[in-house]
Amino acid sequence: MSSGDQVAQGMQRWAGKVALVTGASDGIGRAIAIRLLKCGMKIIGCGRRIEALEKLKADIGGLGDLTIMQCDVSKEEQVLAMFANIKEKFGKIDVCINNAGLGRDASILSGKSEDWQLMLDTNVMGVLRVTREATSLMKAGSIAEGHIININSLSGHRLVPNPSGHVYTATKFALTAITNGIRVELLTQWPDFKCRVSQISPGLVETPFIKHHVGEEKATQLFQQLKALEAEDLAEAVVYQLGSPPHVQIQDVLLRSIEQTA
Ligand SMILES: NC(=O)c1ccc[n+]([C@@H]2O[C@H](COP(=O)([O-])OP(=O)(O)OC[C@H]3O[C@@H](n4cnc5c(N)ncnc54)[C@H](OP(=O)(O)O)[C@@H]3O)[C@@H](O)[C@H]2O)c1
């Protein structure tokens, strides 16, 4: 059997299972949500902008079972309220994809504190909160198999060449430590609970992220200069991780456009 066939067969065991995708209203999260709906999973997609989530729901039409929930992962009370809703509606989740994240043009020597705070609250605190609640609900739901997938970045592995990205890079290095920390805590504290923990670390992906990070003009220039990854490439990496056999834990997938140097 080819590895592609093995992954496709592996995805069959996730049909009907419940996955939370944070930041499903745009970019990579939206592509992941659509891809997993096509695999027959029940998807809960969250984000801050309810109108963007409603657009996703309208766009997919009858494709699958999508529940949208407005939630800002940087706000403790909103995360707790979302999980209370999920518990009431589904009683469990099987998969949690921590994708919501953002970057701001803010260096260490001259960045604004509010930009640093926003990145830390979203990219670090948001993942911590969602993961704590997700693993607790997975355990309470007595699921057969769980999977946490964190959308990291090449910036979780190396310093970006531009100082304006140093604090964003710090949040993604933190995410690498968090991903490994989740794995160790689950193994040591709940040894009988089967939950794989993975991350995906892309380079430049053509989504609205770069526009929010460096402004529209620079983002347009950047995407004219090189062919970036597409959000759908990341969705395929998620399927590769999920669809691998239950004993195989793909710890990280690093993806870089063939044209990206740094
Ligand atoms: N694009 C890239 O080049 C690239 C490269 C490496 C890694 N990444 C990572 O990939 C992930 C997704 O990025 P993307 O490229 O898809 O960016 P994007 O197109 O800007 O989408 C980000 C998503 O996250 C959501 N979001 C942001 N802050 C949130 C919050 N506080 N609470 C809930 N949802 C929130 C946004 O929805 P709302 O605005 O509706 O909240 C949106 O759905 C991020 O973690 C990013 O760091 C991106």
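With which side chain does the side chain of Asn152 make a polar contact?

A: This is a predicted model, in which local features need pLDDT of at least 70 and side-chain atom pairs count only at pLDDT 80 or more, whereas totals for chains, interfaces and linings use all residues. Residues are numbered from 1 along each chain as its sequence is written, and side-chain values use heavy atoms, with hydrogens and water left out.

The partner is Gln199, whose side chain makes a polar contact with the side chain of Asn152 at 3.0 Å; a polar contact is a pair of N or O atoms within 3.5 Å, and within protein one must be able to donate a hydrogen and the other to accept it, while residues adjacent in sequence count only if both atoms are side-chain atoms.

As for its place in the chain, Asn152 is found in the loop between β5 (146-151) and α6 (166-189), where helices (H or I, at least four residues) and strands (E, at least two) are DSSP runs numbered from the N terminus. Asn152 is buried, with a relative accessible area of 3%; buried means under 20%, exposed over 50%, and partly exposed in between, with a 1.4 Å probe and protein chains only.

Leaving aside neighbours within four places in sequence, Asn152 is in contact with Lys172, Leu175, Thr176, Gln199, Ile200, Ser201 and Pro202, contact meaning heavy atoms within 4.5 Å. One of these, Lys172, also has a polar side-chain atom that lies 3.0 Å from an oxygen atom of the ligand.
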